Amino acid sequence: MQAITISEAGGPEVLEWAERADPEVGPGEVLVDVAASAVNRADLLQRRGLYPPPRGASDVPGLECSGTIAAVGEGVTEHRVGDRVCALLAGGGYAQRVAVPAGQVLPVPDGVDLVDAAGLPEVACTVWSNVVMIAGLRRGEVLLVHGGSGGIGTHAIQVGVALGATVAATARGERLEVCRELGAQIAVDYRDEDFVAVVREATGGHGADVVLDNMGAAYLERNVEVLATGGRLAIIGLQGGVRGELNVGMLLGKRGIVSATNLRNRPVYGPDGKAAIVAEVGKRLWPLVAAGRVRPVVHARVPMADAAQAHRILEAGGVVGKVLLVNDGA
Ligand SMILES: NC(=O)c1ccc[n+]([C@@H]2O[C@H](COP(=O)([O-])OP(=O)(O)OC[C@H]3O[C@@H](n4cnc5c(N)ncnc54)[C@H](OP(=O)(O)O)[C@@H]3O)[C@@H](O)[C@H]2O)c1
């Protein structure tokens, strides 16, 4: 088969479409004929040599895919050859075929195009695990989504709205309008507005019950400031650095909780594993997707062999939703 290979750490030009050995399908795994994959920020770091794949994972980049099951390994009973699926991967998605543990595979939600489904597993599992399973967002609460026009952000806004929350989002320029169209009632320009002041004022001084944060250190202090009493800050990204100052006194006074998690390094099975998140997503989020209340937001479709171009698009910023990598014939 062919797949994207990272010949050496560097810029987008190091991504090469090259011949690779077909993946072997092990016990408990399925083999997927990949229709499409999607670009994640982690892939950009991996390409630059800053985020090596976890032990045992493929060195081919790609944390998600959609496609058709081509073979099932020993012991797999819940999937069949020919099923249209999408999957959360530890790597290997930028390829024509990938082997994946059965517990990380989801059906393509009803009404969703097979290629568009490639951009769902990462955002769905990240948003659902953080906003719902960890932070426990409840109907009527206020959810603040940073980076509201990005892949995660466009999904998180819709999930918050579907769950009956009031959603606030940070973005810039005309992309604030995208956040509003997706249902955000409060939109803050991160370049020249103070999200703490805007969210407090718009919520009558209450603040945010849940914050989904992509900025890490740069926003830590202000994220604690914007929390309502009993608020939960879920950090998923480090775009603003890793070392910040946490005002523990303020956090304690608010009875606040700060969490920071990632998906990729979780085990497949067990209470903290990917399969447990995938199962919850299939049970509780997929019906919202099938009902059209949460839809995939796609910025661009790029041929898989041109992955370098797709990386350049994400690196340039200003992306609305997901950048997909599409295999020939999909
Ligand atoms: N922990 C996990 O398991 C996990 C899983 C998936 C993703 N992530 C992380 O989640 C983050 C979002 O991922 P993604 O796929 O949505 O990436 P993305 O599509 O590139 O979105 C990143 C967003 O950050 C916005 N941004 C840039 N500077 C900002 C600022 N100062 N304040 C607020 N927003 C700002 C960008 O806006 P502009 O376009 O206007 O620049 C863009 O909308 C990344 O950091 C990624 O690594 C974590």
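Good morning. Arginine 255 sits in the loop that links α7 to β13 (257-260); helices (H or I, at least four residues) and strands (E, at least two) are DSSP runs, numbered from the N terminus. This is a predicted model, in which local features need pLDDT of at least 70 and side-chain atom pairs count only at pLDDT 80 or more, while totals for chains, interfaces and linings use all residues. Residues are numbered from 1 along each chain as its sequence is written, and side-chain values use heavy atoms, with hydrogens and water left out.

The phi of arginine 255 is near 50°, a positive value in a residue other than glycine. Most residues other than glycine have a negative phi. Arginine 255 counts as exposed because its relative accessibility is 60%; buried means under 20% relative accessible area, exposed over 50%, and partly exposed in between (1.4 Å probe, protein chains only).

Leucine 246 lies in the loop between β12 (227-235) and α7 (248-253). With 35% relative accessibility, leucine 246 is therefore partly exposed.

I turn to the ligand. Around the ligand are 25 residues, of which Arg41, Ile152, Arg172, Tyr219 and Gly318 come nearest; a residue is near if one of its heavy atoms lies within 4 Å.

Glycine 150 places a polar backbone atom 3.2 Å from an oxygen atom of the ligand.

Terms used: Polar contact = N/O pair within 3.5 Å; in protein donor to acceptor, adjacent residues only side chain to side chain.
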